[in-house]
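Have a look at the chain first, then read on.

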Amino acid sequence: AMERIALWLRDQQQEDGTWIDKWHASPYFSTMRCAVALHEHAGAAHRATVDRAVGWILDSQCDDGSFGRWGGTVEETAYAVQTLLRTTAPGDSRADYFHEHRRHGVNVQVVTDPAGLLLCISPPLPDRAHDLTAARAHRSILIWERQGVPVLADRAYMGRRPVGDDTPQTSTRPR
């Protein structure tokens, strides 16, 4: 049954590498779902189909680093990044297997401005890497601080360097 579905998906792929559906004007969502399904369930025999989708995504990147059919959007960029992460090699090795979640994966640091404009995406680290470990490995926070970009971070970064003294702190009130 899986082979029949994989062949049907292959036949539905557009010449540019996308898939389209009747609910979305942009092909990013349907392309992500089909490419990931083929990658995770159809095997190496359908790798060329997945590679066409990945090629289209890479070719469609906007000058500012985002992705989108008529200019970059947060939603389309999220679908594109998800497709790239879930269908390319970094998440397929033994080093990227995360036993707690029983799956392969990678940790990628994505930085946006307050309006959601993509500023940068870090190279992938194994999924089991903590966010703070990834930020330190890529020196991303230090780079943004040196460029004068305000850095806001979640509670895992509290009191850690190099984040800054304005990292949110928890209350010290007694219980």
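Among contacts (heavy atoms within 4.5 Å) between residues at least 6 apart in sequence, 43% join residues at least 24 apart. The model is predicted, so local features need pLDDT of at least 70 and side-chain atom pairs count only at pLDDT 80 or more, while totals for chains, interfaces and linings use all residues. Residues are numbered from 1 along each chain as its sequence is written, and side-chain values use heavy atoms, leaving out hydrogens and water.

The chain has 175 residues, and 35% of them are buried. Buried here means under 20% relative accessible area, exposed means over 50%, and partly exposed is in between, with a 1.4 Å probe and protein chains only. As for secondary structure, there are six helices and six strands. Both kinds are DSSP runs numbered from the N terminus: helices are H or I with at least four residues, strands are E with at least two.

Now for the helix packing. Two packed helices are described by the angle between their axes and the distance between the axes. The axes are lines fitted to C-alpha atoms, for helices over the stretch in contact, and angles run from 0 to 180 degrees between N-to-C directions.

| Helix pair | Angle between axes | Distance between axes |
|---|---|---|
| α2 and α3 | roughly 150 degrees | within 9 Å |
| α3 and α4 | about 140 degrees | 10 Å |

Take α2 and α3. On the α2 side the contact uses Y28, T31, A35, L38 and H39, and on the α3 side R47, T49, V50, A53, W56 and I57. Sorted by class, that is seven nonpolar, three polar and one charged. In this sorting, Ala, Val, Leu, Ile, Met, Phe, Trp, Tyr, Cys and Pro count as nonpolar, Asp, Glu, Lys and Arg as charged, and the others, Gly among them, as polar.

Next come α3 (residues 47–59) and α4. Here R47, V50, V54, I57 and L58 of α3 meet A80, T83, L84 and T87 of α4. This contact has six nonpolar, two polar and one charged residues.

Among the buried residues of α4 are E76, Y79, V81 and T87.

With a relative accessible area of 0%, T87 counts as buried. A polar atom of the T87 side chain lies 2.6 Å from the backbone oxygen of T83. Leaving aside neighbours within four places in sequence, T87 is in contact with A35, V36, H39, R47, V50 and V54.

Then there's Q13, in the loop between α1 (2–12) and α2 (28–41). Is Q13 buried or exposed? Q13 counts as buried because its relative accessibility is 10%. Its side chain makes a polar contact of 2.9 Å with that of R52. A polar contact is a pair of N or O atoms within 3.5 Å; within protein, one must be able to donate a hydrogen and the other to accept it, and residues adjacent in sequence count only if both atoms are side-chain atoms.
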